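Dear colleague,

Please find below the structure that I am handing over to you, together with its sequence. I would be grateful if you kept it open while reading the notes that come after it.

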Amino acid sequence: MGFRSGLFTDILGLAWDTLRANKLRSFLTILGVVIGVTSIVSMTSLVLGFEDSVKSLFRQMGTDTLYLVKIPFGGGRDDKEFLAYLRRPDITMADAEAIQRNIPSADVISMAYGAMGQGRQEEMVYGSEKTRPMTVFGVSEEWLSTNFMELDQGRFFTTVDVDRRRQSVVLGSEPARILFPNVDPIGKRIRVGPRQFTVVGVFGKRPSIAIGNPDQFAVMPYTTYAKLYDPYNQIRGIRFLNSMLAVVPEPGISRDEVIDQVSELMRARHRLRLDQENDFAIMTSDAMTALFDQITQGVFLALIIISSIALMVGGIGVMAIMTISVTERTREIGVRKAIGARRREILWQFLLEAVFLTSIGGLLGIITGASIALGVNRFVGWAVLMPWWSFAVGLAFSGTVGIVFGMLPAFKAARLDPIEALRYE
């Protein structure tokens, strides 16, 4: 054991001396490994941080809330299916009233126009302060209860605001921060696009997500939105109402039971036969989470492919440089064999040199990847998660690259004839 330990230490010492003697060449040798491990660590941290923050956002929307829409989240498998969804009947306030009238187990029902990132983009102005264009959409007075958001200041819309189409607005925390750095925003008149609105409330701040700040928005009564903007969109000549109904079951009533009742009611309203598929979609936070899991799995697959290519390029570089190193050190190998070194010791020497080089590349990649992730978190505000296993995977991959691509030059060194090696010039 002591002999093996001493041999291992000697070989590591030789590897370190080789690295120090050829710093630039060693760095270029491991550059591909550094890039591959950097991409593994940084992208894993960003994707996991994004996934965690989006799922947290879904949980905030309420696990029991169900959403009635004409186009399912994700938009379909292809263009043809998406256009077929667009041709479905619109989801309207008449549907909301029908659910309220016929399904007693539905506790709260809210309508939103232009929600899910499809609202208008408007600048907001107060005095000399101005925001960049942010999403503005219209909601009913029950919307706050179906999305489980919290107000930081003021109040939410009332039935009077909605019925009288008042130009009232509730701001997300980001426009409130920009427009009113040192002023109470409640009751102030601001300009949203070309029109004047009164600020009646401000939402509390939510956790940031990787695709942007979720608080860069404002809402107005959906009746006001319909009066000032066209709530209909048009894609390829198909005009459709950009709307979404949210339904929260009565306490003690299961979500599945309400889904069945809403589905049955909507099929009756759309006069669908038994053999016809639904021409609407009922989505839940579970379905949105599952859809998001599919997206992140695709991102991870792309990450694995990109990292594998970089590591393979790095491995080929290691093999090429190690082969050159064996040629340059032929006489050294001959001397070692002449004084008693066995084949397996020469094999281990060069194999461990390769692993040593790639492991250093792995460590540099981990440091660089973690630094990039932390920098993105600090300067851009994106959420990141750095699991310990991403470091372990990066290090394991770099070590494996050293073993696989260092094997050929190590065998070449071990098989050298000592007499021929000593004669080598």
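Predicted model: local features only at pLDDT ≥ 70, side-chain atom pairs only at ≥ 80, totals over all residues.

Aromatic rings

The number of aromatic pairs in the model comes to 10. One of them joins F137 and W143 in an edge-to-face arrangement, with 5.7 Å from centre to centre and 70 degrees between the planes. The angle of 70 degrees is over the limit of 60 degrees, which is why the pair is called edge-to-face. F137 and W143 are both buried.

A second pair is formed by F156 and F157, whose ring centres are 4.8 Å apart and whose planes make an angle of 45 degrees. This pair is classed as tilted. F156 has a relative accessibility of 8% and therefore counts as buried. F157 is likewise buried, because its relative accessible area is 4%.

R195 is placed over the face of Y229, at 5.3 Å from the ring centre.

Helix packing

In general, the packing of two helices is described by the angle between their axes and the distance between the axes.

Helix α4 (residues 93–102) and helix α9 (residues 255–269) have axes that come within 11 Å and cross at roughly 125 degrees. At that angle α4 is therefore oblique to α9. The crossing of these two helices, α4 and α9, is right-handed. On the α4 side the contact is made by A94, D95, A98, I99 and N102, and on the α9 side by V262, L265, M266 and R269.

Helix α11 (residues 330–338) and helix α12 (residues 343–379) cross at roughly 140 degrees, and their axes come within 10 Å. The crossing of α11 and α12 is right-handed. From α11, the residues E332, I333, R336 and K337 meet R343, I346, Q349 and F350 of α12.

Helix α12 also packs with α13, at an angle of about 150 degrees and with the axes 7 Å apart. The two helices, α12 and α13, are therefore roughly antiparallel. The crossing of α12 and α13 is right-handed.

Two individual residues

T38 is located in helix α2 (residues 23–60). Is T38 buried or exposed? T38 is buried, because its relative accessible area is 10%. Leaving aside residues up to four places away in sequence, T38 is in contact with M43, G365, T368, G369 and I372.

W388 belongs to helix α13 (residues 388–414). Its relative accessibility is 66%, so W388 counts as exposed. How far apart in space are W388 and A310? The C-alpha to C-alpha distance between W388 and A310 is 22 Å, and 78 residues separate them in sequence.

With kind regards

Technical notes: Residues numbered from 1 in each chain as written. Heavy atoms only, no water. Phe/Tyr/Trp six-rings, centres within 6.5 Å; stacked < 30°, edge-to-face > 60°. Buried < 20%, exposed > 50% of the residue type's maximum accessible area, 1.4 Å probe, protein only. Lys NZ or Arg CZ within 6 Å of the ring centre and 35° of its normal. Axes fitted to C-alpha atoms, helices over the stretch in contact; angles between N-to-C directions. Helix = DSSP H or I, 4+ residues; strand = E, 2+ residues; numbered from the N terminus. Parallel < 35°, antiparallel > 145°, perpendicular 65-115°, else oblique. Left-handed = near helix turned anticlockwise from the far one by under 90°. Contact = heavy atoms within 4.5 Å.
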